[in-house]
Amino acid sequence: MKQFCILSIWIFFSTQVFAQNHTLSGYIKDSSNGEILIGATVYIPELETGTVTNAYGYYSILVPAGTHRVSYSYIGYNSQSYEITFSSNQKKIIMLEETPQDIEEVLVSAVKRNKNVENIAMSMEKMQVKLIKKLPTFMGEVDVLKSITMLPGIQNGGEGSSGLYVRGGGPDENLLLLDEAPVYNASHLMGFFSVFNSDAIKDIQVYKGGIPAIYGGKASSVVDIRMKDGNSKKFQGNGGIGNISSRLTFEGPIIKDKWSFIVSGRRTYADFIGKLAGLEALEENQLYFYDLNLKTNVQLGDNDRIYLSAYTGDDYFKLGESLYMRWGNITGTLRWNHLYGDNLFSNISLIYSKYDYNLGVPGSNADQFDWNSTIRDLNIKEDFTYFLNAKNKINFGLNFFYHHFEPGRINVDENSYFTDLVLTNYNALEGAVYASNEQNIGRLLTVKYGLRLSVFQQVGKGKVREYLDPEHPDSDEVISEKEYDKWERIGDPFIYLEPRLSLKYTLDENSSFKASYNRMVQNLHLITNTNSPTPLDIWLPSNKYIKPLITDQVAVGYFRNFKNNVIETSLEGYYKNMQNVLDYKDGAELFLNEDLETELLRGSGYSYGLEAMIKKQEGKLNGWIGYTWSKTMRKVPGINNGDPYPSNYDRPHDVSVVMNYELSKRWNVSASWLYSTGTPVSYPALKYEVQGNQVYYYSSRNSNRIPDYHRMDLSFTYDFKKNDRKKFKQSINISLYNVYGRRNAYSVTFKQNEDNPNVSEATRLSIIGSMIPSVTYNFSF
């Protein structure tokens, strides 16, 4: 608190120094629905200076007295310019209009700032939801996470996987945020779809490196997803009917231009349709998922706005009386924006997040049981943005987490031959304070430097087992067990400084050089021995035996645009060092294990690579081509004789080609082609017989690979009588997934030949082995 008081005093006196200037501030919004535009540009050509809107559409910049031309711009929108006389502070709410599709290809703004070159951010991508919706889909479902994996440096585990592997990091190392709330499992239907409904999403920003100090808690990346606020101008709706699901969204003003809402839902209906059709296989079985997004926001005056958003989603699978599974997320965010004058912007958030799952056998037979696991978070955070002057923008703030983990609980009835079981619960407190400054040094150099201080403390109620050798815990060497009362400290806190640094040097108006360094510390760990996360994995906090994962990443890049900024290109190189990497003993038992720390091994790792990208965002033909060359290695004592070995996420080559072309006002075609090196795997090197049983001896850890992955998808969209004046609009989307029917291997296993026991056969498991067509009818009104 003392540091914040000092900073507040400094801000006060700094304001007096710059009193001879005047402040231009306000919001930039979409003129059709009042939605704020995140990252919109404000630029003053005469002064060669500018700024961008923050996550709530607000901007502020100090301008010398006099008359200046100010330009406002945003990708996909018509730019606006105004002559403004600054004899006092000015507040401007700017309403930008979307660029009509038929003139977008020839639209060139003479004063438009080239964000790819001029923005200090590197290793960051801002995804356009409108483009994502045009890309080919699987079973008609637009998938935000699958679209992100088409970017350089980001991969996933193939079909049936929602995990992201970012620059050599694991699937638990990505901070997935939905309106600031963390989402711990983003998959539907075992990974075929994600939980993010594109109809409810406004903005997507992905950070692979150069991560700002405001973010922390995960080691590899940040995926910051913001929900729509709701149309504050008029009531409207949209929806779609596809092969396996339907969706419907309503939004509009409660009080025009002051109070709006949005409700968006999605559900699969194969089970419901099947029962109506009399399919016997679905009479006793169920398989479905649903999502529901809710949000409202109200303007309380010129300086205050309140946001309330929520999400809930579940998957449910039931196989008669044999088995059932359920998993789902719940998030909620309450935010208060407040302006302290024109230069200091504040946001206070209260955030709730929960992920849980159930697995069991229903009924009252002898095999009945119900297994439940839960992770629950409560977070309060306050963030400030201080627009000191045209050359300095300061961000600072703090947040506080309470984490509660229930790794496993089994409940049974009196007839079951199982017994009740409760694994040890975990609780932890996590806090952080941060500050950063983005500073322009002359016309060519911009530097952003910051520091984040993170503290993590495990607390009771709980119990901890003591081992004979704490550095190498063994379940056969337990010497004692200590109980801790509620809120009692367990062990010492983990305290780390996390420096962040980015710089951009402008070479000329079309090119720049960028570099970044960031340290990230992760205290929440996904315990799984599969390459892709599953709904049944569990999370554990850092503790006496599980140390925080620490990554240090350095990146450099060259950015250049061509043809008046229509074509963007970039080349980035990075090196990432990892400490306290977790891996698992050969044959590790993770299911309902009270002593999980005895199955874990700790070591180090590193990753490096090059990422190239060429992108065109305007015109009838748009899209991108990305290529990644990388190497990711691990070195863990107790594995591979202590020698380095390829990580499960090591894929040296990755290519993505994404194209979208508007054939006419009614027809649009999109295509994508993906390629990546096969996943590392360990194959048997030889086999021998023990007491009549075949036993395999495996080669070095991850010394082999499954076959390379590649796939092509196509999509065609037809708009019925496309006319912007019509209130009811409709379109048909036809998607062809896996056009040439590639049987990509999900895994390769070996088994004994039935006819010749001396021969071992490789068996390829392919989740999808043929082309899958889908048709979706979309409408809006």
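These are my notebook entries on a predicted model.

**Ground rules.** I number residues from 1 along each chain as its sequence is written.

Which strands each supply at least two residues of the patch? I found strand S31 (494–508), strand S35 (549–562) and strand S38 (621–635). Strands here are DSSP runs of E, at least two residues; helices are runs of H or I, at least four; both are numbered from the N terminus. I then checked Tyr558, which sits in S35. Tyr558 is partly exposed because its relative accessibility is 37%. The classes are buried under 20% relative accessible area, exposed over 50%, and partly exposed in between (1.4 Å probe, protein chains only).

Entry 1: Is Lys504 buried or exposed? This S31 residue is buried, at 3% relative accessible area. The Lys504 side chain makes a 3.0 Å polar contact with the side chain of Thr506. A polar contact is an N or O pair within 3.5 Å; within protein, one atom must be able to donate a hydrogen and the other to accept it, and residues adjacent in sequence count only if both atoms are side-chain atoms. Beyond four places in sequence, Lys504 has contacts (heavy atoms within 4.5 Å) that include Val117, Leu444 and Phe513.

I followed Val117 next. Val117 lies in helix H2 (residues 115–118). Val117 counts as buried because its relative accessibility is 0%. Again leaving out residues up to four places away, Val117 touches Lys504, Asp508, Phe559 and Arg560, among others. From Val117 to Ser454 I read 32 Å, C-alpha to C-alpha, across 337 residues of sequence.

**Entry 2: Asp356.** Asp356 belongs to strand S23 (residues 344–361). Asp356 is buried, at 12% relative accessibility. Its side chain has a 2.8 Å polar contact with the side chain of Arg326.

**Entry 3: an open sheet.** I traced five strands in the order S8-S15-S16-S11-S12, with mixed pairing. Strand S8 (124–127) and strand S12 (181–182) are the edges, each pairing on one side only. Pairing requires at least two DSSP bridges between two strands. Inside the sheet, S15 (residues 201–207) and S16 (residues 221–227) run antiparallel, joined by six bridges. Gln205 has Asp224 of S16 as its bridge partner.

**Entry 4: strand S40.** S40 (residues 653–662) pairs antiparallel with S41 (residues 667–676) over nine bridges. A four-residue hairpin connects S40 to S41. Asn660 stands opposite Ser670 in S41. S38 and S40 also pair antiparallel, over nine bridges. There Leu621 faces Tyr661 of S40.

Which residues of S40 make up the covered face? I list Asp654, Ser656, Val658, Asn660 and Glu662. The uncovered face has His653, Val655, Val657, Met659 and Tyr661. Side chains in a regular strand alternate between the two faces of the sheet.

Conventions. This is a predicted model: local features need pLDDT of at least 70, side-chain atom pairs count only at pLDDT 80 or more; totals for chains, interfaces and linings use all residues. Side-chain values use heavy atoms; hydrogens and water are left out.
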